[in-house]
Amino acid sequence: MKKELPIMIFHKDNQDYYGGDQDWFSDEWARRAGCASVCAADMACFYEHKLDISYPDFLELMTKMFKLNTPGIMGFPYFYKFAKNFKKYMKHIGLDVEPIDQGHPIGMLILTHEAQILEEETWHWMCITGYEETASDTSIIFSSCGERVCVGASTLFNKSHKNIVKLVTFD
């Protein structure tokens, strides 16, 4: 069984991007620490039904989200602030959303994780768009830096004091 929500696919510089990429920011700090902004922009496009958004318009949305979720010296590890800011933005554009956990894109923040496969994804916001069940595990599908990534749920959600994974979604 496979369930995957639609997400924007950008064709830029002879490459396909699954959602946005923080490397598109012109500002160096935003390129290094703007992952929460990209995750919020990916989610906003889903709720606004703008999956055919142009690259320039998406970049403008990423910039708006960066202003809402401006990272500090440690990035933007503020789970509840992210949820509050996203809800505030959606209300500003006329959509009332509430945090839930069913059938919608999910913002994911991995602060720390012991799995080697997730080394590049730590201290990083991403957008979960789906899952695929197999005989041995369920793969979680998410967008990270413009790439479609699949990681086994047993790895991603492995219970360990070294693994800190936060999830937020809205309805």
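## Close-up views of a predicted model

**View 1. Phe-82 and its surroundings.** In this predicted model, Phe-82 touches Ala-36, Cys-39, Ala-40, Met-43, Asn-69, Phe-76, Trp-125 and Val-168, leaving aside residues up to four places away in sequence. A second, separate core has 13 residues. Among them are Leu-118, Phe-142, Val-149 and Ala-153.

**View 2. The largest nonpolar core.** Nonpolar side chains tend to be buried together in soluble globular proteins. Here, the largest nonpolar core holds 41 residues. Which of them touch the most other members? They are Phe-58, Met-65, Phe-82, Phe-86, Trp-125 and Phe-170. Helices and strands both contribute: strand E3 (15-18), helix H2 (35-47), H3, H4, strand E5 (106-112), strand E6 (124-133) and strand E9 (164-170) each supply at least two residues. H2 gives the most, with 11 residues.

**View 3. Helix H2 against helix H4.** Two packed helices are described by the angle between their axes and the distance between the axes. For H2 and H4, the axes come within 11 Å and cross at roughly 40 degrees. The two helices are therefore oblique to each other. Their crossing is right-handed. On the H2 side, the contact residues are Ala-36, Cys-39, Ala-40, Met-43, Ala-44 and Tyr-47. On the H4 side, they are Phe-82, Phe-86, Tyr-89 and Met-90. By class, the contact has 10 nonpolar, no polar and no charged residues.

**View 4. Helix H2 against helix H3.** The axes of H2 and H3 come within 8 Å. They cross at roughly 120 degrees. H2 and H3 are therefore oblique to each other. H2 passes H3 in a right-handed crossing. H2 makes the contact through Ser-37, Val-38, Ala-40, Ala-41, Asp-42, Ala-44 and Cys-45. H3 answers with Phe-58, Leu-61, Met-62, Met-65 and Phe-66. By class, this contact has 10 nonpolar, 1 polar and 1 charged residues.

**View 5. Helix H3 against helix H4.** H3 spans residues 55-68 and H4 spans residues 79-92. Their axes come within 10 Å and cross at roughly 130 degrees. That makes H3 oblique to H4. H3 passes H4 in a right-handed crossing. Which residues meet here, in H3 and in H4? Leu-61, Met-65 and Leu-68 come from H3, while Asn-85, Phe-86 and Tyr-89 come from H4. By class, the contact has 5 nonpolar, 1 polar and no charged residues. Met-65 and Phe-86 are also among the core residues that touch the most other members.

**View 6. Ile-7 in a loop.** Ile-7 lies in the loop between strand E1 (2-4) and strand E2 (9-12). Is Ile-7 buried or exposed? Its relative accessible area is 12%, so Ile-7 is buried; the cut-off is under 20%. Ile-7 touches Tyr-18, Gly-19, Asp-42, Leu-51, Thr-129 and Ser-143, not counting residues up to four places away in sequence. Asp-42 also takes part in the contact of H2 with H3. Ile-7 and Lys-50 are 43 residues apart in sequence. Their C-alpha atoms are 9.2 Å apart in space.

**View 7. Two non-glycine residues with positive phi.** Asn-14 has a phi of about 60 degrees, positive although Asn-14 is not a glycine. Asn-14 sits in the loop between E2 and E3. With 89% relative accessibility, Asn-14 counts as exposed. Trp-123 has a positive phi of about 55 degrees, and Trp-123 is not a glycine either. Trp-123 lies in the loop between E5 and E6. At 39% relative accessibility, Trp-123 counts as partly exposed.

**View 8. Gln-116 in the loop between E5 and E6.** Gln-116 is found in the loop between E5 and E6, where Trp-123 also lies. Gln-116 counts as exposed, at 64% relative accessibility. How many residues apart along the chain are Gln-116 and Lys-67? They are 49 residues apart, and their C-alpha atoms are separated by 32 Å.

Terms used. Residues are numbered from 1 along each chain as its sequence is written. This is a predicted model: local features need pLDDT of at least 70, side-chain atom pairs count only at pLDDT 80 or more; totals for chains, interfaces and linings use all residues. Side-chain values use heavy atoms; hydrogens and water are left out. Axes are lines fitted to C-alpha atoms, for helices over the stretch in contact, and angles run from 0 to 180 degrees between N-to-C directions. Helices (H or I, at least four residues) and strands (E, at least two) are DSSP runs, numbered from the N terminus. Angles under 35 degrees count as roughly parallel, over 145 as roughly antiparallel, 65 to 115 as roughly perpendicular and the rest as oblique. A crossing is left-handed if the near helix is turned anticlockwise from the far one by less than a right angle, and right-handed if clockwise. Contact means heavy atoms within 4.5 Å. Ala, Val, Leu, Ile, Met, Phe, Trp, Tyr, Cys and Pro count as nonpolar, Asp, Glu, Lys and Arg as charged, and the others, Gly among them, as polar. A nonpolar core is a set of buried Ala, Val, Leu, Ile, Met, Phe, Trp, Tyr and Cys residues joined through side-chain atoms within 4.5 Å. Buried means under 20% relative accessible area, exposed over 50%, partly exposed in between (1.4 Å probe, protein chains only).
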